[in-house]
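Q: I would like to learn how to read a structure like this one, feature by feature. Could we go through it together?

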Amino acid sequence: MLKELCRKMFPRSLWVYHANSGGCNGCDIEVLNALTPWYDAERFGIKLVGSPRHADVMLCQGPAMRATEIALRRAYDAMPSPKLVFAIGSCAGGGGIWHDTYSVLGPVEKVVPVDYYIPGCPPRPEAIVFGVALVLGLVEKKVVDIHVKQDEFPIPRYHPEDLEEVDGTVKYTKSEVV
Ligand code: SF4
């Protein structure tokens, strides 16, 4: 449904505003990388703009921070409707490794409504371009089967009855592997 709306509302081009509310710059570099001629996001009509007033989409990087909360909300409010928000990276999507620190509020969805998430730390430029193009209906969704293999990981278990004193030191004489 949201995808259909996107197709109708943003049929030709998407102007994006790049907002970092407190990330480490890893995601910023990948977003800007996606906009360089190498990845050529402009072939999909994706264009970077300097003001949220001209933007259809906000690309958020970094977690929601106490220090930047108001600025992020103001930038969102300044965007004309209809508008979309992408949370790019683990910090924007879930708070990242900083989620429980004193200055962090959590994911950016605590400050602005997020429509799409592109995970990664940082996500590769290909993933960012693919995610935005997917939303615009310009590419087909691809799903790859992932088989997670649990490796054998033996854990030694010690029993108090196996404790013995050897040369003045108390130590376990045997252990059971589970
Ligand atoms: S997701 Fe990773 S690369 Fe992106 S801002 Fe957070 S720590 Fe940095």
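**Reading the helices**

A: In α3 (residues 69-78), the buried residues are Leu72, Ala75 and Tyr76. They cover an arc of only 100° around the axis, which puts them on the same side of α3. Ile70, Arg74 and Asp77, on the other side of α3, are exposed. This is a predicted model, in which local features need pLDDT of at least 70 and side-chain atom pairs count only at pLDDT 80 or more, while totals for chains, interfaces and linings use all residues. Residues are numbered from 1 along each chain as its sequence is written.

Q: What do buried, helix and arc stand for here?

A: A residue is buried if 20 or more other C-beta atoms lie within 10 Å of its own, exposed if 12 or fewer, and partly exposed in between, with C-beta atoms placed from the backbone. Helices (H or I, at least four residues) and strands (E, at least two) are DSSP runs, numbered from the N terminus. The arc is that of the directions from the helix axis to the C-beta atoms.

Q: Which residues of α2 are buried?

A: In α2, Cys27, Glu30, Val31 and Ala34 are buried. Down the axis of α2 these buried residues fall within an arc of 100°, so they line one face of the helix. Their cover includes β1, β3, β5 and α5.

Q: And which residues of α5 are buried?

A: For α5 (residues 125-135), they are Ile128, Val129, Gly131, Val132 and Val135. The buried residues of α5 fall within an arc of 160° seen down its axis, so they line one face of the helix. Just after α5 comes Gly137, with a positive phi of about 75°.

Q: How should I read a strand?

A: In a regular strand the side chains alternate between the two faces of the sheet. In β3, 5 of its 5 residues are buried. Val57, Leu59 and Gln61 are on one side, with Met58 and Cys60 on the other, and both faces are covered.

Q: Which strands does β3 pair with?

A: Two strands pair if DSSP finds at least two bridges between them. β1 and β3 run parallel and are joined by 5 bridges, and His18 stands opposite Leu59 in β3. β3 and β5 (residues 84-88) also run parallel, with 5 bridges between them; the bridge partner of Gln61 in β5 is Ile88.

Q: Which residues are around the ligand?

A: A residue is near a molecule if its C-beta atom, placed from the backbone, lies within 6 Å of it. The residues around the ligand are Gly23, Cys24, Gly26, Cys27, Gln61, Gly62, Gly89, Ser90, Cys91, Gly96, Cys121 and Pro122. α2 (26-34) and α4 (90-94) each supply at least two residues of this shell.

Q: How many residues of the shell are nonpolar, polar or charged?

A: The shell divides into 5 nonpolar, 7 polar and no charged. Here Ala, Val, Leu, Ile, Met, Phe, Trp, Tyr, Cys and Pro count as nonpolar, Asp, Glu, Lys and Arg as charged, and the others, Gly among them, as polar.

Q: What about backbone angles that stand out?

A: Most residues other than glycine have a negative phi, and most peptide bonds are trans. Asn25, in the loop between β1 and α2, has a positive phi near 85°. Asp40, in the loop between α2 and β2 (46-48), has a positive phi near 55°. The peptide bond from Ser81 to Pro82 is cis, with omega near 0°, and the bond from Cys121 to Pro122 is cis with omega near -10°.

Q: Finally, how many helices and strands does the protein have?

A: The protein has 5 helices and 11 strands. Its radius of gyration (taken over C-alpha atoms) is 24 Å, well over the 16 Å that the globule rule (2.2 Å times the number of residues to the power 0.38) gives for 178 residues, so the protein is more spread out than a compact globule. The C-alpha trace spans about 80 × 40 × 30 Å along its principal axes.

How values were computed
Contact = placed C-beta atoms within 7 Å.
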